[in-house]
Amino acid sequence: MMNGDQEIECQISDAALDELAGTRGTASMARQAQFVALRDAVEQIASDIYDSGPMVKGRTIRIFTKHISKEQS
């Protein structure tokens, strides 16, 4: 994710990706395709988390199932 010209590192758990996709137990070799398909939603969630938290240089945004609302999945 980018904030202006600053790159913000983001991570999403496998369980959160599955929750967002409405699936369970996606094979590891299918994760990249799953992420690409859901990238816009993942980036929006990461942006919301970033905007709601403290501005800390070097902070990594981590997305877990608790961050996936029922409307998103």
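Hi everyone. First, the ground rules: this is a predicted model, where local features need pLDDT of at least 70 and side-chain atom pairs count only at pLDDT 80 or more, while totals for chains, interfaces and linings use all residues. Residues are numbered from 1 along each chain as its sequence is written, and side-chain values use heavy atoms, with hydrogens and water left out.

Let's start with the fold. The protein has two helices and four strands, where helices (H or I, at least four residues) and strands (E, at least two) are DSSP runs numbered from the N terminus. Along the sequence the order is β-β-β-α-α-β. The radius of gyration is 12 Å, close to the 11 Å from the globule rule for 73 residues, so the protein is as compact as a globular protein of that length. For the record, that radius is taken over C-alpha atoms, and the rule is 2.2 Å times the number of residues to the power 0.38. The C-alpha trace spans about 35 × 25 × 15 Å along its principal axes.

Now contacts, meaning heavy atoms within 4.5 Å. Among contacts between residues at least 6 apart in sequence, 51% join residues at least 24 apart.

What about burial? I call a residue buried under 20% relative accessible area, exposed over 50%, and partly exposed in between, with a 1.4 Å probe and protein chains only. By that count, 25% of the 73 residues are buried.

Just after α1 comes G22, with a positive phi of about 75°.

Another buried spot is T60, at 17% relative accessible area. T60 sits in the loop between α2 (31-52) and β4 (61-63). Leaving aside residues up to four places away in sequence, T60 touches E9 and Q11.

D14 pairs with R31, the closest N and O atoms being 3.5 Å apart. That pair links distant parts of the chain, with D14 in helix α1 and R31 in helix α2, 17 residues apart. D14 is partly exposed at 45% relative accessible area, whereas R31 is buried at 12%.

D18 also bridges to R31, at 2.9 Å from N to O. With D18 in α1 and R31 in α2, this pair ties together parts 13 residues apart in sequence. Both D18 and R31 are buried.

The remaining bridge joins E43 and R39, at 2.8 Å from N to O. These two are four residues apart in helix α2, separated by about one helical turn. E43 is partly exposed at 33% relative accessibility, and R39 is partly exposed at 42%. As for shared partners, salt bridges join D14, D18 and R31 into one network.

Note on methods
A salt bridge is a side-chain nitrogen of Lys or Arg within 4 Å of a carboxyl oxygen of Asp or Glu.
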